[in-house]
Structures are given as structure tokens and as C-alpha cells.
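Hi everyone, thanks for coming. Today I'd like to walk you through a structure, one piece at a time, so please have a look at it with me.

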Amino acid sequence: MNNYYDIDDILSDGQKIPAVFQLTVPGMGYLEHGRNTNTDIKEGARIELPLWMAEILAIGGISDELPTGFITVSTPAPFSNKVLNALSADPANVDLRGQSMQFYKFAERWLAMTGDDALLDTIMDTFKARAAIVNDHAHNTRSALMTDRSEFLGTLDDTEIKLFKAAQEASKDLKKWTSMKK
Amino acid sequence: MHFSSYNLSITTMYGDLAAKLIQDSKRTQSLDVLPAYQADLVNSIIREIRDLQRDVKILLDQQGPNFRASQDRRVSCAIFVLQICMRRNKRCLLAYHKLRARRLETLVWSGFETASIGTEVDSGVALSDRPSVASGWHPDEEEYFRGYGDVLAELKGEWTDIDLTGSMDPPTDLFIDVRVLKDAGEIQTEYGLITLTKNSQFYVRQGDVERLIQQGYIQKLR
């Protein structure tokens, strides 16, 4: 699913996940502190690395002496238990965009790396519940379901925004078609 | 182990510059006009790749000619990371340029006129008033645009009875009312010469003016 040239895929690769280094690497202090440092990264150092780096380091370094790879990764904040509980309780009320601008794409990448079924189920249910509300907002300017429309729309992640725009376009096209004279 | 020092004050981390370029690409996707080519950013990213390359070379030189990745995990990790950064920059550069190239191709198909590149053409209308002006393009992009246009012209030439870049909407009337949006000079119709000055309206044959509608010079009135 990771199209090399796709801009959204590239953006989602920029998401950061927490990683722990499994070995001491000299001279790579720039990962922690920026480009002008020549310090080492100690074994056990916790750093937030972007997916494009973390994914390869986690898989690529696997060897007999280092069965875990160069780093191990842990659950990023958007998929923490706290967020998941909030999502199972009331998916419409969670600020998805605040968790991650590309929540669903990020979830796809994380799930591909870890295969966590429980997480998958929660996110699928969240998507379905929210999609229904998004669709409702797209078709009506005043939704009966929710009083503060702009607040909800501000919590949509990029995928949901695309959904919203598509639904709006479809709604507009339908109205145009049904009112065509000739 | 010593790395050369870097001078970029703007960003601290490898790949940050590339991220900026991708932000620009994302923005471009939702704009109608192609924004200016980010020559400085692109050059900085290329410089970053060269710096990374230099560091990899330093590391490898220190290890000697028979270095195997399994010999020293720590060094191979360091090289690995530098490699990944280079790959990331490369990917962002390629995606940026590909997006723009695709956009240029779309412009060619839509009949975009670039007669105004580099020269002040016609009635003294300010360039900023004409959204069809190609501003901020890299010279290579202009050349790509021209070259692609030539290829397309050759393709169109194979079928003379159909205009491959013509309008996709079926015509509803033979003659239509139009308003002129920008000065477009004069056109020859079978009923004589018409001078297109801004804000004038005409009742003309659709076929004659279709090209100009596509290019944005005149607007069809309902």
C-alpha cells in the first residue's frame, strides 16, 4: 500500500513513533539533538523516530547477535489504551485530528507492523461510526444529530476529510442532476 | 569518529527539508495554479544528500576495504541510518518533481498558452492580471512543457477530424453568448473579424471560440 510517489503516503511516513535503541551507536547524536551533535546514542535511549526510519531500523537490523533489530518500537500515543478506550466509548467525541492528522493511514502502517487485532477492531468500528456522521454532515447543512457541526468537522483526520468532500460533491451532483431541465 | 559539521540553521534533523518540500506538494494538489519552483529548497536537499554521502564514505574509509556489516553492528547501524536518510530525501525529491511534471502535462492537454513566458505580449495587460501566465517555473520545466506539447501536437496530427484536446462537454447551441474576460486580440470568424476587448459581449459560433473558452480568455454566458 505504500506507493512510492504518493504524497499522502510520504506524509504518513513522517509520523513519529517511540523507539528504543538496542545498541550504542557512536556519532549518531543528531537523531536526538539535531544535526550539529557528535555524541553517541546509548543503548536503551528512547527517541521518537519517523516511520520511514523506524520501520527499516526495526526490521533491517535483525541478526543473530541482535534478534530485536537495531531498535524496538512501542505503541505511539494515538493508539494508547487511553485513546482506544475513548474511541470504544464514544467515537464521535474524540479529536482524531488532534491525535494525528492522518490517523487512519498511521493506523494502517502501525497495524501492518504489529498485527494487533484488538486495535484493528476498535479502529474499524470507529471509522464506521464516524463515517456515518460525516456523511450526515455532508448532506445537510444543519444536522439533527449534532449541535456543533464545526466542532466535529475540526476533529476529522485527512481520510475523513476526503470522505466528507466526496460526499458533498456527490450530494451536489445529485441535486444538479435531479433539477436538470433538458 | 568525526563527522563534518553542518551549517543549516533552519532545520535540525535530516529529512526536515524534504518534509517542507512535500508540504509544498500537498498544497499544490489543492491549487489550480502551479506554485513557483522551490529551487533553493531542492538545492539544499541535494546538498544534504551529498553531506550524508560524504559521512558514509568517512565511516567506510575508517573501517578498511574488507568491512562486512556483521563485523561491527554499531557502525553498520550508523551507515544504515545515513543511507535511509538519503533514500528519504531522494523519494521526496522524486515525488515533488513527478507531481509537477504531471501537472505540466495536464496544462498542455488543457491548451494552456505560454506565449507570455519571458516576453510582454499584447495589449499591455499586466501579467499579474492574467492567471494563465506561467510564473516561477524552472527552465527545465518550461522545456518539458514545450517538448510535451510537441509530442501532443504530433499525436493530434494523426487524427485531423477530431480535436483530442477539445471540450468534453457536448455543445448545446450552435451560437452562444460570450463575455470577454481578458484581452485576446482579434479572431477571424466566417462573419468577419471580431476584436476581443475586456468585458465586451458577443454572439458567436461556438466552434470558433471553443479554444478561447478553454484557455480562459472568454466566458460562456448561460
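Let's begin with a pair in chain A: the side chains of R97(A) and D158(A) form a salt bridge, with 3.2 Å from N to O. Please keep in mind that this is a predicted model. The pair brings together distant parts of the chain, since R97(A) sits in helix α5 (residues 96-99) of chain A and D158(A) in helix α9 (residues 158-178) of chain A, 61 residues apart. Are these two buried or exposed? R97(A) is partly exposed, at a relative accessible area of 26%, while D158(A) is buried, at 15%.

Chain A has another pair of this kind. D9(A) and K105(A) meet through their side chains in a salt bridge, at 3.2 Å from N to O. D9(A) counts as buried because its relative accessibility is 3%, under the cut-off of 20%. K105(A) is buried too, with a relative accessible area of 19%.

Now over to chain B. Its secondary structure comes to five helices and five strands, and from the N terminus the order is α-α-α-α-β-β-β-β-α-β. Of its 222 residues, 38% count as buried.

Chain B has a salt bridge of its own, between the side chains of K57(B) and D61(B), at 3.1 Å from N to O. The two are about one helical turn apart, because they lie four residues from each other in helix α2 (residues 39-63) of chain B. K57(B) is exposed, at 53% relative accessibility, and so is D61(B), at 52%.

So how do the chains meet? The contact takes 35 residues from chain A and 36 residues from chain B. Together the chains bury about 3,300 Å², and 67% of that is on carbon and sulfur atoms.

How many salt bridges are there between chain A and chain B? The count is two. In one salt bridge, K26(B) pairs with D8(A), their closest N and O atoms being 2.6 Å apart. On the side of chain A that touches chain B, α1 (7-13), α2 (30-33) and α3 (51-60) of chain A each supply at least two residues. The largest share, six residues, comes from α1(A).

To finish, here is a group to find on your screen: D13(A), E55(A), R109(A) and R91(B) are linked in a network of salt bridges. Over all chains, the structure holds 14 salt bridges.

Conventions: Residues numbered from 1 in each chain as written. Chains lettered and ligands numbered in written order. Predicted model: local features only at pLDDT ≥ 70, side-chain atom pairs only at ≥ 80, totals over all residues. Heavy atoms only, no water. Buried < 20%, exposed > 50% of the residue type's maximum accessible area, 1.4 Å probe, protein only. Contact = heavy atoms within 4.5 Å. Buried area = accessible area lost by both parts, 1.4 Å probe. Salt bridge = Lys/Arg side-chain N within 4 Å of Asp/Glu carboxyl O.
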